[in-house]
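Reader: Before I rely on any label attached to this model, I would like to hear what stands behind each one. Could we go through them one at a time?

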Amino acid sequence: HMRAAGLPRDGYSFSSAICACARAGQPEAAVETFKAMCADDSVEPSSVAFNTALSAAQRASDPVRAAEMVLAIYTLETLSLQPDAWASAAALRALTRLGQRARALELYASLRPEQVSPHTVAAALAAAGPRRDPTALVRIYEAAAAEGVPTTKQTLHAALAACAADASLGGR
């Protein structure tokens, strides 16, 4: 569409188009424009364009489609930038929403230290789920605390729910 409109194929034009699609409530168009940006060898995708497309995808009306679009962006083979903690948390929540909890926990385990934040910890705790794997939940919480990730009401609630779900963890 950009060529047909006579727009240059540069980072600014791609970012503007992604933002316009997001604001117009067209998440699919925002995601497709971001994919085109990543596929264009003459353009370096920016974290702003990445996060704008990711945010647009999260707002899709169908939660399953939203999760699929988030993962499509996060796992792009042509993605040349490293997703930040916010983007990683979005991907973890998407995997959990799609019922791919084990994959979400694998992704969490593969995150670099700068990608771990209260948001990613809370998303990983949600993936472990207090009724699914309370031991993993507590292990995630304790490791995050040991790494200096601040405790938030979301992370604390998930860890306490795990202990309540499994009486054998009550002493931790």
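Reader: Which exposed residues does the face of α6 turned away from its buried side carry?

Author: That face carries A102, E106 and A109, where exposed means over 50% relative accessible area, buried under 20%, and partly exposed in between, with a 1.4 Å probe and protein chains only. Please keep in mind that this is a predicted model, in which local features need pLDDT of at least 70 and side-chain atom pairs count only at pLDDT 80 or more, whereas totals for chains, interfaces and linings use all residues. Residues are numbered from 1 along each chain as its sequence is written, and side-chain values use heavy atoms, with hydrogens and water left out.

Reader: Which residues of helix α6 are buried, and why are they said to line one face of the helix?

Author: The buried residues are A104, L107 and Y108, in a helix that spans residues 101-110; helices here are DSSP runs of H or I with at least four residues, strands are runs of E with at least two, and both are numbered from the N terminus. Seen down the axis of α6, the buried residues fall within an arc of 100 degrees, so they line one face, the arc being that of the directions from the helix axis to the C-beta atoms. An α-helix has 3.6 residues a turn, so residues three or four places apart point the same way.

Reader: What do the buried residues of α6 pack against?

Author: They pack against α4, α5 (85-97), α7 (118-128) and α8 (134-146), with contact meaning heavy atoms within 4.5 Å.

Reader: Why is T120 called buried, and which residues does T120 touch?

Author: T120, which lies in helix α7, has a relative accessibility of 0% and therefore counts as buried. Leaving aside residues up to four places away in sequence, T120 touches A85, S88, A89, L92, Y108, L111 and Q115.

Reader: What makes T96 buried, and which backbone oxygen does its side chain reach?

Author: T96, placed in helix α5, has a relative accessible area of 15%, and therefore it is buried. Its side chain reaches the backbone oxygen of L92 at 3.0 Å. Not counting residues up to four places away in sequence, T96 touches R101, A104, A123, A126 and A127.

Reader: How many salt bridges does a search of the whole structure find, and what makes D40 and R9 one of these pairs?

Author: The search finds 4, a salt bridge being a side-chain nitrogen of Lys or Arg within 4 Å of a carboxyl oxygen of Asp or Glu. In the pair of D40 and R9 the closest N and O atoms are 3.0 Å apart. This pair links distant parts of the chain, 31 residues apart, with D40 in the loop between α2 (27-39) and α3 (47-58) and R9 in the segment before α1 (11-23). D40 is buried at 13%, whereas R9 is partly exposed at 28%.

Reader: How do you know that E68 and R65 form a salt bridge, and how are they placed in helix α4?

Author: Their closest N and O atoms are 3.8 Å apart, which meets the 4 Å limit. E68 and R65 are 3 residues apart in α4 (residues 63-74), and are therefore separated by about one helical turn. Both count as partly exposed, E68 at 38% and R65 at 32%.

Reader: What is the N to O distance in the salt bridge of E114 and R112?

Author: The distance is 2.6 Å. E114 is exposed at 53%, while R112 is partly exposed at 27%.

How values were computed
Polar contact = N/O pair within 3.5 Å; in protein donor to acceptor, adjacent residues only side chain to side chain.
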